[in-house]
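Colleague: Hi! Could you walk me through this one while I have it open?
Modeller: Happy to, go ahead and ask.

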Amino acid sequence: MLKDELQRGGRSRAELLAAIAEFQIQKGEWQQAQQYVDQAIEANPDYAYPWKLQGQIYMNYEGRDKNALDKALAAYKSFSDRNTSDPSGYLERYRVFIKKADFEKAGDELEKIYTIYPKYPNLHFYKGALYVIMGNHKVAAEEFQRELVNNPNNVNTMLALGKEQVELGNAQEALQLFTKAMQLAPKSPEPKAMAAYANYLLKNFASAVALYQAALTLDPGNPLLYKRMGLAYWDMGDPVGARMAFKKYLEMEPDAADRAEFERFM
């Protein structure tokens with residue numbers, strides 16, 4: 001349909017070529033997508049969207065082209081230069097800078113978004129994630145808290161803030177966040193698993209075991225849950241339950257680096 005429209009010339013040639021390129025990307029036909037992106041840019045170099053698609057194409061070659069990330073950064077910058085009010089280009093550059101471990105420049109991209117949209121959804125989440133990578137748990141927690149002020153029912157932010165509270169030694173505060181996340185996302189295993197871990201840190205071992213069991217009903221293929229449940233069983237004085245959990249963990253992870261540590265419980 002798009003190609004027929006292109007032949008009729010009823011719409012912008014660059015827009016149609018970019019739309020075809022997007023479909024090619026969705027199909028995984030990257031070389032064909034590149035051809036249409038090239039044509040779209042030639043048809044209208046000032047049209048922003050083909051440059052964003054070009055960034056996606058370069059990112060596809062990450063690991064095969066040592067310069068792929070730098071090329072993607074340049075393409076996303078060309079997109080943003082042509083559409084300064086669209087935050088998605090800055091966000092893509094933030095992600096690329098994270099991959100390059102250039103955290104200062106990643107932060108600069110988020111500041112550009114903040115200048116345009118101070119309450120952009122997940123903006124403080126992204127800032128918090130940046131500080132997590134840098135190991136600054138206190139500031140990360142502050143950013144996640146700011147995100148919850150703007151979006152109070154954001155489960156991912158609750159989990160992230162809870163994890164930082166664990167890192168800061170505030171297990172009780174973390175448990176409150178994980179409990180609320182469980183209520184908002186009852187079908188998700190992660191809130192239950194994290195609530196279990198917070199209970200374990202608070203020495204509420206029976207509650208931890210029950211929550212690990214609940215998480216396993218939703219995520220039975222997660223060996224970490226069996227390992228942590230085994231530790232909770234052991235500390236609550238149930239060596240039989242602990243051995244069964246550790247056995248399951250080692251069956252699922254036969255090459256686990258800590259295998260010898262848990263074999264001693266058998």
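Colleague: At what angle do helix 2 and helix 4 pack, and how far apart are their axes?
Modeller: This is a predicted model. In it, helix 2 (residues 13-26) packs on helix 4 at about 20 degrees, and the axes are 10 Å apart. Angles under 35 degrees count as roughly parallel, so helix 2 is roughly parallel to helix 4. The crossing of the pair is left-handed.

Colleague: Which residues make that contact?
Modeller: From helix 2 they are Ala 18, Ala 21, Glu 22 and Ile 25, and from helix 4 Tyr 49, Pro 50, Leu 53, Gln 56 and Ile 57. By class, the contact of helix 2 with helix 4 has seven nonpolar residues, one polar and one charged.

Colleague: And helix 3 against helix 4, parallel or antiparallel?
Modeller: Helix 3 (residues 30-43) meets helix 4 at about 150 degrees, with axes 10 Å apart. The cut-off for roughly antiparallel is over 145 degrees, so helix 3 is roughly antiparallel to helix 4. The crossing of helix 3 and helix 4 is left-handed. Among the residues in contact are Trp 30, Val 37 and Ile 41 of helix 3, and Trp 51, Leu 53 and Asn 60 of helix 4. The classes there come to nine nonpolar, four polar and one charged.

Colleague: Switching to helix 5, what does its buried side pack against?
Modeller: The buried residues of helix 5 pack against helix 4 (49-60) and helix 6 (88-99). Those buried residues include Leu 69, Leu 73, Tyr 76 and Phe 79. Helix 5 covers residues 68-82 and reaches 21 Å from first to last C-alpha, close to the 21 Å expected at 1.5 Å a residue.

Colleague: What about Asn 83, where does that sit?
Modeller: Asn 83 is in the loop between helix 5 and helix 6. Its relative accessibility is 25%, so Asn 83 counts as partly exposed. Its C-alpha is 47 Å from that of Thr 217, which is 134 residues away along the chain.

Colleague: Last one, helix 12: which helices do its buried residues pack against?
Modeller: They pack against helix 10 (155-167), helix 11 (171-184), helix 13 (205-218) and helix 14 (223-235). Pro 191, Met 194 and Ala 198 are among the buried residues of helix 12.

Colleague: How does the span of helix 12 compare with what it should be?
Modeller: Its 13 residues should span 18 Å at 1.5 Å a residue, and the end C-alpha atoms are 19 Å apart, which agrees. Just after helix 12, Lys 203 takes a positive phi of about 65 degrees.

Definitions and conventions. Residues numbered from 1 in each chain as written. Predicted model: local features only at pLDDT ≥ 70, side-chain atom pairs only at ≥ 80, totals over all residues. Heavy atoms only, no water. Helix = DSSP H or I, 4+ residues; strand = E, 2+ residues; numbered from the N terminus. Expected span 1.5 Å × (residues − 1). Buried < 20%, exposed > 50% of the residue type's maximum accessible area, 1.4 Å probe, protein only. Contact = heavy atoms within 4.5 Å. Axes fitted to C-alpha atoms, helices over the stretch in contact; angles between N-to-C directions. Parallel < 35°, antiparallel > 145°, perpendicular 65-115°, else oblique. Left-handed = near helix turned anticlockwise from the far one by under 90°. Nonpolar A, V, L, I, M, F, W, Y, C, P; charged D, E, K, R; others polar.
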